[in-house]
Amino acid sequence: MVEEEELYSQFHKDIIERIKALDQLTYSFRTMSNKERAWNTLITLTTDENTIVKYRAAKALGYVFPYTSNKLQAWNDLHNLTTDPDKNVRSGAARALGYVFSQVSKRTDAWNDLHLLANDPIGDVKRNAAISIGSVFSQIPDPIQAWDDLSNLATVENIYVKIDANCSLGKASIFKACQAEKEDDYEKELENAINFFEKAVKESPNEWFNPAQFCFSFYRSFYTIIFKKYESIGEMDTFLEDMEDAIEGSESKELLFEFVENLLNALKEVQSLNNLDLEAKKGELNFYRKYCDRAAELMRETEETAPFATLAMKKGLPILERNLKGIIEEIQQKAKTACKEAKGTPAEYAACAVNDFAKRLKIGSPEYLVVQIENLVFLLKSYIPKIEENNVILDRIDKILREEDVVIQYTLLNNLIPQIIDIQVSEKTAPILSEIKCLRVSVDSLVESIDELQNPQEYLNIIRQNLEEIKNSVPGIKENIDKVLCELYTPLSTTQKLKISIPIIPLLVSYEQETDVPRFVADRIYELKNLVLRRKGK
């Protein structure tokens, strides 16, 4: 709370400090203790005397919208800003609509607001409306009108409006190609998209960094490969050079170039697939559409404000599902082998528990994949005695938890599993592992029967309260607790939150038994353990 009060105090200082505080508030909103106050602060900042603060505050509402508790009120506030007398506020609201569009219940109202803003007399408002329409085109209830709005914006005198309108028409054309029923229509829409992206690039002033360049280079490469219009294999390297040039102006160019290399490798995979039929081509295009859109958006956000780009990099980059599926299959096979080889050794409990969990691993949303691997890692860590002989494997586990890229997390776990059989157990820790094994069985049973709980909110409240009270007194696992608490303050359902939070309890018990913790911490962990065991007794 002290840190939050210090943050709020920055809004009474000069313009530089206010902008810094605004960015920090946006970035930290998800974990703020009083989100209503944080939201209202952003609303108040839309009336700031400085135009930059007004614009960023209105735009920031789109970023933090998913974490508000009262979505209806939040939507009404944002809706009201779309008709604000100040052009900077309307411009920020136009961008925010693109971020919240998929999450609002009144999607027709959201579209009507975007349509109104696309016809605003102010160029910056039109431009941000064009960007948002392009990002949510596939969800708009009236795509014909949306297309007409973008087409009209592509003909205005304002060069920046024209650039972003053409870029959005390109994105819309890619979506149309993904929906095509005939191969000729598919090829035509892909060609249209490339032409729109090229127009956006040609309109761009030389000194202005344009994310459309990335999309143009990428989809031209994709088109050339999918329809085998390349002259030689060496032409593929030219594509990479083009995309490298496209991101040269970005502050995050190193990260983006790595991203581009991954995309190009994926395109080379497409090249190796002979005689793709229409459905396969549509599938490939739809698969890569997400990546290109995300990379372009990341470049755009990087130019506007670094904290937002960091947040986008952490949460927004799509997952290469085909690669991840292979990694998960490897994890399952290695876990099965480790369990078999660990029979009769000190590592048996850990190896077989990981094997049981690994059998249930599956591909899901980015959020699901993060929760899934963190639960598995918590499980593994709870089985490993905190003794010197196990420091190397414990350090590798902590590295997995610190990693932001979920694909790398699964890769690190895949490499770690064969080492489980090397876990050492001391005479002192053997009974602890036996207790943890029994507790883990109870935890798994509780997680599987959450839907049968008569008072799930009570369980959640107890877990959240105890975690909040002990987190600062358990430095060895504070980071683990903070990650769980962070998820408990999101709009997820109570059931989802319980599935995230309950698996950390064995880790707490293991930590408490191997560490000299304060008495009140031991009492809180004991209460959490009994929360699991009392269910077992029913």
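Biologist: Which residue lies over the face of Phe65?

Modeller: Lys71 does, at 5.9 Å from the ring centre. Please keep in mind that this is a predicted model.

Biologist: And what lies over the face of Trp147?

Modeller: That position is taken by Lys176, which is 3.7 Å from the ring centre.

Biologist: How are the rings of Phe137 and Trp147 arranged?

Modeller: Their centres are 6.4 Å apart and their planes stand at 70°, so the pair counts as edge-to-face. Phe137 belongs to the loop between α8 (123-136) and α9 (143-153), whereas Trp147 belongs to helix α9, so the pair ties together parts that are 10 residues apart in sequence.

Biologist: Is Phe137 buried or exposed?

Modeller: Phe137 is buried, with a relative accessible area of 5%.

Biologist: Which residues form one aromatic cluster with Phe137?

Modeller: The cluster consists of Phe137, Trp147, Phe175 and Phe196.

Biologist: How many aromatic pairs does the structure hold?

Modeller: There are 5 aromatic pairs. One of them joins Tyr8 and Phe11, with 6.5 Å from centre to centre and 45° between the planes.

Biologist: Why is the pair of Tyr8 and Phe11 called tilted?

Modeller: Planes under 30 degrees apart count as stacked and those over 60 as edge-to-face, so the remaining angles are called tilted. The angle for Tyr8 and Phe11 is 45°.

Biologist: Are those two residues, Tyr8 and Phe11, buried or exposed?

Modeller: Tyr8 is buried, at a relative accessible area of 7%, and Phe11 is buried as well, at 12%.

Biologist: What does Ile481 touch?

Modeller: Leaving aside residues up to four places away in sequence, Ile481 touches Leu467, Ile470, Lys471, Val474, Ile504 and Leu508.

Biologist: How many helices and strands are in the chain?

Modeller: The chain has 27 helices and 0 strands. Of its 538 residues, 52% count as buried.

Biologist: What share of the contacts with a separation of 6 or more comes from residues 24 or more positions apart?

Modeller: Such residues account for 68% of those contacts.

Biologist: Finally, what does the accessible surface of the chain come to?

Modeller: The total is about 24,600 Å², and 48% of that surface belongs to carbon and sulfur atoms.

How values were computed: Residues are numbered from 1 along each chain as its sequence is written. This is a predicted model: local features need pLDDT of at least 70, side-chain atom pairs count only at pLDDT 80 or more; totals for chains, interfaces and linings use all residues. Side-chain values use heavy atoms; hydrogens and water are left out. Rings of Phe, Tyr and Trp (its six-membered ring) pair if their centres lie within 6.5 Å; planes under 30 degrees apart count as stacked, over 60 as edge-to-face and the rest as tilted. Buried means under 20% relative accessible area, exposed over 50%, partly exposed in between (1.4 Å probe, protein chains only). Helices (H or I, at least four residues) and strands (E, at least two) are DSSP runs, numbered from the N terminus. A charge sits over a ring if NZ of Lys or CZ of Arg is within 6 Å of the ring centre and within 35 degrees of the ring normal. Contact means heavy atoms within 4.5 Å. Accessible areas come from the Shrake-Rupley method with a 1.4 Å probe; for residues, only the protein chains shown count as cover.
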